[in-house]
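User: Hey, I'm new to this one. Can you walk me through it?
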Amino acid sequence: MQEEPNNEPGNEEEDFPYRTEFKKKSIRSYVIRGGRMTEGQRKAFDTYWGPFGLSLYDGGIDPKEIFGRDAPVVLEIGFGMGDSLLEMTEAEADKDFIGIEVHPPGVGRLINNAGKAEVKNLRVYMADAIDVLNDCIPDASLDRFQLYFPDPWHKKKHNKRRIVQPEFVKLLCSKLKPGGLMHMATDWENYAEQMLEVLEAEELLENTAGKGHYAPRPEFRPQTKFERRGERLGHGVWDLLYRKK
């Protein structure tokens, strides 16, 4: 993984050479938070980054080439600690998955678990998702896009930092194949309303649940522990499932 010097929190450990890759921009939808990595997560980069890792700085990819086969491609932004993404790669072995995450502990955990499970249909970027979409993902190459529980930036003054904006959705549409699925989920009702408004306004998308409606959770999205706990406490989760016309 090519390095780019930066002073982001959490990147000060000089003995850990793997860095989150991004281009400088005025507004970002995330903050790279400081957080201790376990020894297993750190070692996972040395052991498994080779087979799983992709670099923003290598530019455009050919999914058929990096996976060694011609299969449907699913891309997920912000996979967190990676448990649900790993579950999907194993449940849908007929598909190839690309995950993007900015936080090293989550990336380390995912590639460690994926390596031990001998998963073959997964590749990972530790990079800014917008940069990866712009520079690396070919147009009309994705069969499914996933964004689950993104940072809600719940204070009104921070809403501009939310990743789901009209320009972002247009960019995603350019990467989806005709008929491809765009799936988002959030547990913040206000953010769900914004997502619905933005997605409904995109003329290239059709709501699979009917205009103005949220969708039931599709079977391919695993239910997280966090989500099950929220359900017990009466918290809502809103899924939005759109198809590119």
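User: Let me start with a detail: is Ala140 buried, exposed or partly exposed?
Analyst: Ala140 counts as partly exposed, at 41% relative accessibility. Buried means under 20% relative accessible area, exposed over 50%, and partly exposed in between, with a 1.4 Å probe and protein chains only. This is a predicted model, where local features need pLDDT of at least 70, side-chain atom pairs count only at pLDDT 80 or more, and totals for chains, interfaces and linings use all residues. Residues are numbered from 1 along each chain as its sequence is written, and side-chain values use heavy atoms, leaving out hydrogens and water.
User: Where does Ala140 lie?
Analyst: In the loop between α5 and β5. Ala140 is not a glycine, yet has a positive phi of about 50 degrees. Most residues other than glycine have a negative phi.
User: OK, bigger picture. How many helices and strands are there?
Analyst: The protein chain has eight helices and eight strands. Those are DSSP runs numbered from the N terminus: helices are H or I with at least four residues, strands E with at least two.
User: How much of the chain is buried?
Analyst: 52% of its 245 residues.
User: Which residues have the most contacts inside the largest nonpolar core?
Analyst: Ile77, Phe145, Phe168, Val169, Met182 and Met184, in a core of 37 residues. A nonpolar core is a set of buried Ala, Val, Leu, Ile, Met, Phe, Trp, Tyr and Cys residues joined through side-chain atoms within 4.5 Å. Elements giving two or more residues to this core include β2 (73-77), β5 (142-148) and α6 (166-175).
User: What is Phe145 in contact with?
Analyst: Leaving aside neighbours within four places in sequence, Phe145 has contacts including Leu75, Ile77, Phe168 and Met182. Contact means heavy atoms within 4.5 Å.
User: Switching topic: at what angle do α3 and α4 cross?
Analyst: Roughly 30 degrees, with the axes of α3 (residues 83-91) and α4 (residues 104-116) coming within 9 Å. Axes are lines fitted to C-alpha atoms, for helices over the stretch in contact, and angles run from 0 to 180 degrees between N-to-C directions. The two helices are therefore roughly parallel to each other, a label for angles under 35 degrees.
User: Which residues make that contact?
Analyst: Asp83, Leu85 and Leu86 of α3, with Arg109, Leu110, Asn113 and Ala114 of α4.

Conventions:
Parallel < 35°, antiparallel > 145°, perpendicular 65-115°, else oblique.
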